[in-house]
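User: Hi! I am new to reading protein structures. Could you walk me through one?

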Amino acid sequence: MQEDKAIWPPVEPIATGLKGHCPRCGEGRLFSGFLTVGKECSVCRLDYSFADAGDGPAVFVILIIGFIVVGLALWMEVNFNPPLWLHFMLWIPLTLVLSLVALRLIKGVLIALQYRNKAAEGRLDRGQ
């Protein structure tokens, strides 16, 4: 990532990422679609080409939402022993909704943290 020379007061990366705002100014929109990162900020003109969260958000969503849903399903099975169709009716929609919401939130946070920490693709230093 290139060094950012603009003068903007630092923003809180977690709050900014959760809101889906620009990691530099905290005002512009980060996403142009539900999960699609825009080309640049409409306020400060920060180029979002550096933003690559990779598979990180998906991994966090799988771990967090999986833990919640499986824990609730096991608790319900042990305490109430409902029929299998009720498990399907409850846990499949809940998993889908929670996963989609969490994916956008976590992706915004990871991109904001990537900008804040000036994270870039790893390169080998070939000191010659």
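Analyst: Happy to! Let us start with cysteines: a disulfide is a pair of cysteine sulfur atoms within 2.5 Å, and by this rule the count here is zero. Cys22 is in no disulfide, as its nearest cysteine sulfur, in Cys44, is 3.6 Å away. Do keep in mind that this is a predicted model, where local features need pLDDT of at least 70, side-chain atom pairs count only at pLDDT 80 or more, and totals for chains, interfaces and linings use all residues. Residues are numbered from 1 along each chain as its sequence is written, and side-chain values use heavy atoms, leaving out hydrogens and water.

User: Is Cys41 buried or exposed?

Analyst: Buried means under 20% relative accessible area, exposed over 50%, and partly exposed in between (1.4 Å probe, protein chains only). Cys41 counts as buried, because its relative accessibility is 0%. Cys22 is also buried, at 0%.

User: Where does Arg24 lie?

Analyst: Helices are DSSP runs (H or I, at least four residues), numbered from the N terminus. Arg24 lies in the loop between α1 (13-19) and α2 (56-80). Arg24 counts as buried, because its relative accessibility is 9%. Its side chain reaches the backbone oxygen of Cys44 at 2.9 Å.

Technical notes. Helix = DSSP H or I, 4+ residues; strand = E, 2+ residues; numbered from the N terminus. Polar contact = N/O pair within 3.5 Å; in protein donor to acceptor, adjacent residues only side chain to side chain.
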